[in-house]
Amino acid sequence: MITCDFYLNNRIKTITEKTSFDCWKTFKNDFGEAISELVKVKVIHANGNEDHFHPIEFKKTIGVQSWLKNILTKQFLMQ
């Protein structure tokens, strides 16, 4: 499991999901009105390692994850 801390102007929203992309989807669904306040995202991996991202970098990272997931799913279905 992955935990993402979404740092907003004056608060932090913490979401735990299977992937950081899933964390992002939950954040958008539950707190979409606060996206413009996002200043930093901290990703805490199951092994305790942490990554810190500017919102733009985080969105690029999850975009790549989504793309890879789609590619792998299509490859699996074609077998």
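**Reading a sheet and its helix**

Author: In helix H1, Ser20, Phe21, Asp22, Cys23, Trp24, Thr26 and Phe27 are buried. Keep in mind that this is a predicted model.

Reader: What does "buried" require here?

Author: Buried means under 20% relative accessible area.

Reader: Where does H1 lie, and at what angle to E2?

Author: H1 covers residues 20-31 and lies across E1 and E2. Its direction is at about 130° to E2.

Reader: How many residues does H1 have, and what does it reach from its first C-alpha to its last?

Author: H1 has 12 residues and reaches 16 Å. That is close to the 16 Å expected at 1.5 Å a residue.

Reader: Now the sheet. What is the order of its strands?

Author: Read across the sheet, strand by strand. The order is E2-E1-E3-E4, in an open sheet of four strands with antiparallel pairing. E2 and E4 (50-53) are the edge strands, since each pairs on one side only. From one strand to the next, the twist averages 15°.

Reader: What joins E1 to E2?

Author: A hairpin does, through four residues. E1 (residues 2-7) and E2 (residues 12-17) run antiparallel, joined by six bridges. Take Phe6: its bridge partner in E2 is Lys13.

Reader: How many bridges pair E3 and E4?

Author: Four bridges, again in the antiparallel sense, with E3 at residues 40-44. Find Lys42, and look opposite: His52 in E4 stands there.

Reader: How do side chains point along a strand?

Author: In a regular strand they alternate between the two faces of the sheet.

Terms used: Residues are numbered from 1 along each chain as its sequence is written. This is a predicted model: local features need pLDDT of at least 70, side-chain atom pairs count only at pLDDT 80 or more; totals for chains, interfaces and linings use all residues. Side-chain values use heavy atoms; hydrogens and water are left out. Two strands pair if DSSP finds at least two bridges between them. Helices (H or I, at least four residues) and strands (E, at least two) are DSSP runs, numbered from the N terminus. Axes are lines fitted to C-alpha atoms, for helices over the stretch in contact, and angles run from 0 to 180 degrees between N-to-C directions. Contact means heavy atoms within 4.5 Å. The expected span of a helix is 1.5 Å times one less than its number of residues. Buried means under 20% relative accessible area, exposed over 50%, partly exposed in between (1.4 Å probe, protein chains only).
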